[in-house]
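User: I am new to this structure and would like to learn how to read its features. Please take them one at a time.

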Amino acid sequence: MKFKTIDDFNFSGKRVLVRVDLNSEVSDGKIQMSDRISESAKTIAELCKKGARVVVLAHQGRLGDEDFTSLEQHAKLLNKIVKIKFVDDVIGEKALSEISSLKDGQAILLENVRGLKEESDGGAENNLVRTLAGHFYLYVNDAFSVSHREQTSITGFPKVLPSCIGRTMEQELNALGHLDKMKNALFILGGSKTDNVLLMKKKKVITCGVYGHLCLVAKGNDLGAQNKFLEKTVKDYSAVLADLKKVVLGVRTPMDLAVNANGRRKELAISEFPSEYEVFDIGSRTISLYKDLIKNSEAVFMKGTAGYCEDAKFCFGTRELLNAIASSKCFSVLSGGHTSTALKKFGIPKKKFDYVSLSGGALVWYLVGKKLPGLEALRK
Ligand code: 3PG
């Protein structure tokens with residue numbers, strides 16, 4: 001079924017609720033400008049230009065995680081492209097008063113919606129939907145990258161409001177049609193998101209980034225300080241490891257890793273672990289093996305970074321892999337917000353890849369044929 005788009009509605013003087021994905025990298029407490037932010041800004045700008053009164057819902061991080069923050073900085077970044085006011089509230093008096101005093105062509109961004117317990121409910125009977133829905137003519141989902149989540153701002157509002165998709169979502173959906181070439185692809189799974197596990201049964205899988213460290217631990221390796229870091233930061237650590245143990249055996253994991261030895265990059269073979277230092281990148285032997293595999297693949301899918309790209313000493317692995325994909329003749333798909341931010345950082349043109357998706361987990365769900373609750377809700 002085709003979804004309704006922005007082109008199917010008249011927005012003049014209408015209040016619209018738009019869910020975008022602003023979730024971006026945080027470095028030293030600072031939100032980094034990202035394609036997710038700039039693409040969302042374009043949808044907001046288009047709606048404002050059409051005379052809509054735009055209220056934006058979005059999230060950053062997950063409650064309890066280090067990257068869970070207010071959206072105030074995101075509003076500043078959006079303002080480089082579109083005029084939008086930040087309101088540090090979602091369903092309180094302040095938010096309601098700002099929503100009702102909006103004029104045609106104006107936009108506001110509400111506070112991180114994941115700060116509300118109602119967001120995790122996913123239904124239409126909770127306080128979030130009950131308080132906001134009545135103020136709107138239309139709900140716009142412009143966040144394909146969050147549409148694998150059964151969360152109220154994704155699945156609740158379309159149950160009670162007329163709905164359509166935004167431009168970012170439209171672009172992502174149009175590109176999905178080309179992904180049949182991914183069937184025999186080499187899957188490079190990095191970053192820290194554990195949705196990757198869904199792709200582990202693919203024939204050719206290589207791992208890196210925090211995800212690669214998790215796979216090494218699941219294979220029985222003791223990385224030392226990095227084990228402690230994983231235990232501390234990975235949600236549901238024991239369950240994640242238990243799931244990984246079932247699928248990790250045929251999967252390639254790094255042969256060597258770079259640790260942060262008091263500010264210096266030091267490479268260690270896996271046999272040299274456990275180490276007192278935390279891991280920040282893949283090592284040179286792994287990089288060269290992975291580059292060979294890329295060279296010999298007809299299609300490559302890369303999701304997530306291979307190391308800590310905020311530090312020049314540890315972005316080596318990610319840059320080398322991305323450059324190898326960019327210069328190979330393979331059909332290439334990049335996935336995830338941090339991957340497209342890394343591209344920008346290294347100055348590698350997007351056009352060197354067949355498709356650069358802003359979605360991570362959502363694209364994984366799509367590739368393994370799982371239904372995305374956000375899209376299902378729009379269909380109904
Ligand atoms: C993402 O970064 O993939 C999206 O923003 C969804 O975030 P989540 O994995 O925390 O739901």
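User: Over which ring does the charged end of Lys14 sit?

Analyst: A charge sits over a ring if NZ of Lys or CZ of Arg is within 6 Å of the ring centre and within 35 degrees of the ring normal. The charged end of Lys14 sits over the ring of Tyr137, at 4.3 Å from the ring's centre. Arg319 lies over the face of Phe346, 5.7 Å from the ring centre. The model is predicted: local features need pLDDT of at least 70 and side-chain atom pairs pLDDT 80 or more, while totals for chains, interfaces and linings use all residues. Residues are numbered from 1 along each chain as its sequence is written, and side-chain values use heavy atoms, leaving out hydrogens and water.

User: How many aromatic pairs are there?

Analyst: Rings of Phe, Tyr and Trp (its six-membered ring) pair if their centres lie within 6.5 Å; planes under 30 degrees apart are stacked, over 60 edge-to-face and the rest tilted. By this rule there are six aromatic pairs. One of them is the tilted pair of Phe280 and Phe314, with 5.1 Å from centre to centre and 45 degrees between the planes. Phe280 lies in strand S13 (residues 279–282) and Phe314 in the loop between strand S14 (299–303) and helix H11 (316–327), so this pair ties together parts 34 residues apart in sequence. The helices (H or I, at least four residues) and strands (E, at least two) are DSSP runs, numbered from the N terminus. Ring pairs also link Phe9, Phe11 and Tyr137 into a cluster.

User: Are Phe280 and Phe314 buried or exposed?

Analyst: Buried means under 20% relative accessible area, exposed over 50%, and partly exposed in between (1.4 Å probe, protein chains only). Both Phe280 and Phe314 are buried. Leu343, in helix H12 (residues 337–346), counts as buried at 2% relative accessibility. Its C-alpha atom is separated by 9.2 Å from that of Asn323, 20 residues apart along the chain.

User: Which residues are around the ligand?

Analyst: A residue is near a molecule if one of its heavy atoms lies within 4 Å of it. The residues around the ligand are Asp21, Asn23, Arg36, His59, Arg62, Arg114, Ser145, Arg149 and Lys193. By class, this shell has no nonpolar, three polar and six charged residues. Here Ala, Val, Leu, Ile, Met, Phe, Trp, Tyr, Cys and Pro count as nonpolar, Asp, Glu, Lys and Arg as charged, and the others, Gly among them, as polar.

User: How far is an oxygen atom of the ligand from a polar side-chain atom of His59?

Analyst: That distance is 3.1 Å. For Asp21, an N or O atom of the side chain is 3.0 Å from an oxygen atom of the ligand. The side chain of Asn23 likewise has an N or O atom 3.0 Å from a ligand oxygen. The protein covers 95% of the 310 Å² of accessible area that the ligand has on its own, by the Shrake-Rupley method with a 1.4 Å probe.

User: What is phi of Asp28?

Analyst: Most residues other than glycine have a negative phi, and most peptide bonds are trans. Phi of Asp28 is near 50 degrees, a positive value. Asp28 is in the loop between strand S2 (26–27) and strand S3 (30–31), and counts as exposed at 79% relative accessibility. Asp236, not a glycine either, has a positive phi of about 55 degrees.

User: Which residues does a cis peptide bond join?

Analyst: A cis peptide bond joins Phe273 and Pro274, with omega about 5 degrees. Pro274 is in the loop between strand S12 (264–269) and S13.

Notes
A polar contact is a pair of N or O atoms within 3.5 Å; within protein, one must be able to donate a hydrogen and the other to accept it, and residues adjacent in sequence count only if both atoms are side-chain atoms.
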